[in-house]
Every structure is written in structure tokens, then in C-alpha cells.
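Please read its points with the model in view.

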Amino acid sequence: MCAATLDGSPALTAAFYERPVLEVARELIGCTVEHAGAAGVIVETEAYHDSEPACHAFVGVTPRTRTLFGAPGRAYVYRSYGIHAMLNAVCEPEGVGAAVLIRALEPLSGIESMRARRGLAETARVEELCSGPGKLAQALGVTLEQNASSLSSGPVRIGPRPPEWADPPILDGVRVGISRAVELRWRFCVAGNRNVSRPWPPASGRADAARR
DNA sequence: CATGGGATTGACT
DNA sequence: GTCAATCCCATGC
């Protein structure tokens, strides 16, 4: 399938995702995500792979991780802390449990619906809408119902980098909010982008660079 | 079947 | 800086 995205570009196909998850995590930066009339550019991602214990797939195939081990190019959506939905893109060949967590977006369109779904006032800054994995899922209206749906032809679509995002400045760092495999630098984000979920690089010149 | 722990966020001291 | 909300699911009895 080569279904179109909002701007007319064909959505990324399964072949894009059927590669090493670290490559995909890096290359998804600058790509677009859309759902329910809203869209944004991906500015922060994290990679997860069944070979390391921070990944849900580390425990093997269970009802929860079946999507992770399934076909690449599908959405893996799960609930975090009983409250938030987390949107991931399943990667690597079927049988490998790997995914890219989409952690932040720069809003592109549907800003008003994002604000409404986030329950924010019209005066809320655009940077508040999608600057975190739970926030962007809420802003786009993504729920667990979209788990296992195709990112090429389903309700949630990921498109290629727009021309102005052809070569974004990408920084890597350690992943956020996990307690195992904390040393892996499997987080990627756009340098200096204000929609990134945490100050990156650390705002001040203090010695907290090594903390996370 | 009971329990415990989150790939987070927002409110509050 | 601290902390609670809240639900899915993996694990262990």
C-alpha cells in the first residue's frame, strides 16, 4: 500500500521499518505523523529492542508484546501509568521485538483539535501540545484502539520528511524514564527544538549533562 | 486469583 | 524539588 498522507506524500512503507531499529529511530526524526485531522513533525524518538531489558519485548511473546514481535510498520500502542497512551512504530523483521517510541512532535496542522483534545485553553503555547509521548498521543487522539494498525494505510500515518526537514540536526542521548539498560544512548532528538520533551541539550551549562 | 510496577504528566510544597 | 492518579498486564501463588 502507498496510501497518501495529508500533504499528498505517500506514507512510509513496511520496508522502511524492516531495518535495524536504531536506524529507523534516527530516520523517523523529521518525518510526519497524522491522525484524526491533526499532524506534526517527529522531533524526538527512542529505540527499544528485545535484546535489552528496558524493552517490553524482553520477556518474550505475551498477549501484550505480540504486536512488537509482529509485522513491521504497524503501531504499538500501550497504556502507561494507567493514564497515558504511548505510540510506537514496530520495526525489524517479523519475529524480532523492536519499536521506536515517538516522544515529541512539532505541531503542523489541526492545532485547534490538539488543544481541544489536550483540554488546553486557546492561549496555550503550541510547544505544550505534543512535547511528550503521553501528550502527543492525547493531542492526536491516538488510543489503544490503534494498536497493531498499519502506519502506511491505517488511521495513524507516518509520512516522509518534508523538504525543509531533509537534514535535521540530530543529537543522541540516554533514554528517559526507564530503570534498566539506562546507559544505552538510544534517544534521538532535534537539536534545540522547543517541542522536545525535556531540555536538550541541558539548558544550563551545569554538570547535569550526565544525569540522564 | 492477587499483587506490583511502570517507556508520564500535572499539581503542589 | 515531591507525589498521586489509574489501568493493563506479567508474574507468582
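1. The structure contains 10 salt bridges, a salt bridge being a side-chain nitrogen of Lys or Arg within 4 Å of a carboxyl oxygen of Asp or Glu. The model is predicted: local features need pLDDT of at least 70, side-chain atom pairs count only at pLDDT 80 or more, and totals for chains, interfaces and linings use all residues. Residues are numbered from 1 along each chain as its sequence is written, chains are lettered from A and ligands numbered from 1 in the order in which they are written, and side-chain values use heavy atoms, leaving out hydrogens and water.

2. One of these bridges joins Arg103 to Glu44, with 2.8 Å between the closest N and O atoms. Because Arg103 belongs to strand 5 and Glu44 to strand 2 (residues 38-49), the pair ties together parts 59 residues apart in sequence. Strands here are DSSP runs of E, at least two residues long, and helices are runs of H or I, at least four, both numbered from the N terminus. Both Arg103 and Glu44 are buried, that is, under 20% relative accessible area, where exposed is over 50% and partly exposed lies in between (1.4 Å probe, protein chains only).

3. Arg185 and Asp172 also form a salt bridge, at 2.9 Å from N to O. Arg185 is partly exposed, at 47% relative accessible area, and Asp172 is likewise partly exposed, at 30%.
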